[in-house]
Amino acid sequence: MTEEIIIAGFGGQGVLSMGKILAYSGVMQDQEVTWFPSYGPEMRGGTANVSVIISDTRISSPILHEFDTAIILNQQSMDKFEKTVKPGGVLLYDPNGIVNPPTRTDINIYKIEGTKIAADLGNVKTFNMVVLGAYLKAKPIVKMESIRKGLEKSLPERHHKLIPLNLEAIEAGQEKLEAVNEVSV
Amino acid sequence: MGDLRLMKGNEVIAEAAIRCGCDGYFGYPITPQSEVMETLMAREPWDETGMVVLQAESEVASINMVYGAAGSGKKVMTSSSSPGISLMAEGISYIAGAELPCLIVNVQRGGPGLGTIQPSQADYFQSTKGGGHGDYRLIVLAPSSVQEMNDFVDLGFELAYKYRNPAMILTDGAIGQMMEKVVLSEYKPRMTSEEINDKYGSWATNGKKPNRDYNIITSLEMDSAKMESNNLRFQEKYKQMEEEEVRYETFQCDDAEYILVAFGSSARICQKSVDLARAKGLKVGLLRPITLYPFPKKPIAELAKKVKGFLTVEMNAGQMVEDVQLAAGCGNSSVPVKYFGRMGGIIPTPGEVVEALEQKLIEA
Amino acid sequence: MDVKDIIKPENLVYQKPKLLTDKTMHYCPGCTHGVVHRLVAEVIEDLDIQEKTIGVSPVGCSVFAYNYIDIDWQEAAHGRAPAVATGIARVNEDKVVFTYQGDGDLASIGTAEILHACNRGENIVVIFINNAIYGMTGGQMAPTTLLGQVTATTPCGRDLERNGYPLKITELIAQLPGTSYVTRQSAHTPATARKCRKAIKKAFQNAIDKKGTSFVEVVSTCNSGWRLSPVDANIWMEENMFPFFPMGDMKDGERDAPDAYLKKN
């Protein structure tokens, strides 16, 4: 199994940390992982993206031009990455702020009202965990147990009290995933 | 078995430095390598191993602090990115001229000038052919994974001390910023003053001892005959490096008709290109130089006898091409050596590499 | 009376310090470097720190300082001696490290390194030889060259509009919180040489006591660069340099306490 993912949105949406938790979860279940971020000024308020690869075998290129899954959290990223999803792959997006929704018919398209759900949960910072939950529902590539361990590893000790809230957000995301377009693989 | 972590390449450089018994790090912030010093400062190794970490006023000062500390026999290093390495060029030349061991990490970004902060391999010439003034060479190691960022810190110091010559880890923003699994090295203790005196007392400025003449660290020699003999000694050293220190890796080269030659992050991309090409029925292999100096001439000459062509893949304008041409020419002077690369911080994709291979070599 | 009857310990009034080597100095007759080398050698001997003193020589006439004092030395790139000394001192806390720099090296090309080393309060000694000219390269304008002073690159005299002002870098250094002792001396008469020796000794004692940076400027002559006899050079220095570079301590005590520099909350 090899899963190649791009997560893209605004800086501050938790894009990089979502990728990090995913990568840690892969490590927790003995898989090979790479986590490759966009870096520099664009991290500071502009767009941010990270590609994560989780694989049972040695990973060759950490830098990719097409992906099994794209998680897209703003319009700029939609414009840039919709076309990079492999046919039959997955595009997951939050419709908040998306003016031009995805139009491809050869890929699985899902949406998650992450912004709204996180607000309903009472903590908008859990937004990225809601989206992560939705992704794991669409593609259960790592076990929830590994996600929990991944959270423990990637969050500093002083934030460990927030793990239950994060897990709750992941569950909410899993429950509220909406299919927009599904293709048979 | 060491300690398994998920870490950024830059963070690993810091961790590996602490663990290998490094005595001091002197640096100056520059994207995309600032995590090296940030990680060191957060780790506070002065409490743990006694390692000194100092943020200098400039790259110029950093490399000269390294020169001073290395002269006293201590195991010291610096890191920077391309524009900063240019500023260090003078100091690196002095260190090579004074025959001091040290480790320099270059997490390359695109140039020339201020260029871009995105990854690049455009300092190949600077690292392998010169950079500073005078006839000198650096031992240049090109890691292509976060694991090798760990491994090459220790290896770099080992080679630097073996030859009393600066060693460089030439990496780029992609490997520096990327996180991968890494098994960290076991801790090695820092050398004691007594050990330094026993091993390096013949040259180090560790304080004049009653049983020896005073030591002078200098690259200056006003007598041309003596300066020439210094140069000849350096050249002997470089020759020995070329004989003993060449490191490289091959990937599916046994039955290959076409060989990609790539180092560092480009080599990672090319591994995928090899898979893509093989899936199309093309017999393609990859040769990855691990030491850029000394360059793996012999394996390229050997491959040149049996393959139909080489494609160098680089994040620069083709700086490695002539090294591959020279090496391949020793085996078969008619074998074509072509280049594909991207510049300005753009990373070539595995698919682009296969397309270039088809256009420039297979269909040509 | 035979010469053997004269050379007796009880008749000894002057001798070469033990730490000065027997190499013939390359300095011009009348140059101040020889005197200051001697003073530094005497101080190292007095303080019995030969085995723990590391000298850093600059680029300039004193590039070869390492030939003359019997201690370990490193030769630095032009202007970088304070960085080199910082590197040595930081990883060798038991050592006493000093730089020996001229005005071109310290006050022109190496301004950043000297200011930052002094501002950090590195435990080093800086011996600054200011003769208002570039000696080694053949008498060109230095940052400390006086207005009107003729040099190879100011043949009509240093001109304010063209060349800017001479730099009083020692006054600048004295403002830096990391310094504990900043002084300006000369060594052109027995009395001033004795005073200068005391200053150098205090500076080295400060380094032993980990008191931060000590900085000793020695206003010096460059009789060949100035195109004067040694005696006339001394007179020229007294008449022209001393008014602009007045003698004396600018700071003597401790590095600044951190209180005034702390963030407020």
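**Note on helix packing, domains and a chain contact**

1. In chain A, helix H4 (residues 127-138) packs with helix H6 (residues 163-175) at an angle of about 50 degrees, their axes lying 6 Å apart. That makes H4(A) oblique to H6(A), since angles under 35 degrees count as roughly parallel, over 145 as roughly antiparallel, 65 to 115 as roughly perpendicular and the rest as oblique. The axes are lines fitted to C-alpha atoms, for helices over the stretch in contact, and angles run from 0 to 180 degrees between N-to-C directions.

2. This is a predicted model, in which local features need pLDDT of at least 70 and side-chain atom pairs count only at pLDDT 80 or more, while totals for chains, interfaces and linings use all residues. Residues are numbered from 1 along each chain as its sequence is written, with chains lettered from A and ligands numbered from 1 in the order in which they are written.

3. The crossing of H4(A) and H6(A) is right-handed. Residues of H4(A), including Met129(A), Val130(A) and Leu136(A), meet residues of H6(A), among them Asn166(A), Ala169(A) and Ile170(A), contact being defined by C-beta atoms, placed from the backbone, within 7 Å. By class, this contact of H4(A) with H6(A) has nine nonpolar, four polar and two charged residues.

4. Chain B is divided into domain 1 (3-184) and domain 2 (248-362), with bounds that come from an automatic or database domain assignment. The C-alpha centres of these two domains of chain B lie 27 Å apart, and their contact takes 25 residues from domain 1 and 21 residues from domain 2. On the side of domain 1 of chain B that touches domain 2, the largest share, four residues, comes from H6(B). The residues of that side of domain 1 divide into 13 nonpolar, nine polar and three charged.

5. The contact between chains C and B takes 28 residues from chain C and 33 residues from chain B. Strand S2 (72-75), helix H3 (81-91) and helix H5 (111-120) of chain C each supply at least two residues of the side that touches chain B, and the largest share of that side, eight residues, comes from H3(C). Helices (H or I, at least four residues) and strands (E, at least two) are DSSP runs, numbered from the N terminus.

6. Strand S9 (residues 216-217) of chain B and S2(C) pair in the parallel sense over two bridges, where pairing requires that DSSP finds at least two bridges between the strands. Within S2(C), Trp73(C) is the bridge partner of Ile216(B).

Notes. Two residues are in contact if their C-beta atoms, placed from the backbone, lie within 7 Å. Ala, Val, Leu, Ile, Met, Phe, Trp, Tyr, Cys and Pro count as nonpolar, Asp, Glu, Lys and Arg as charged, and the others, Gly among them, as polar. A crossing is left-handed if the near helix is turned anticlockwise from the far one by less than a right angle, and right-handed if clockwise.
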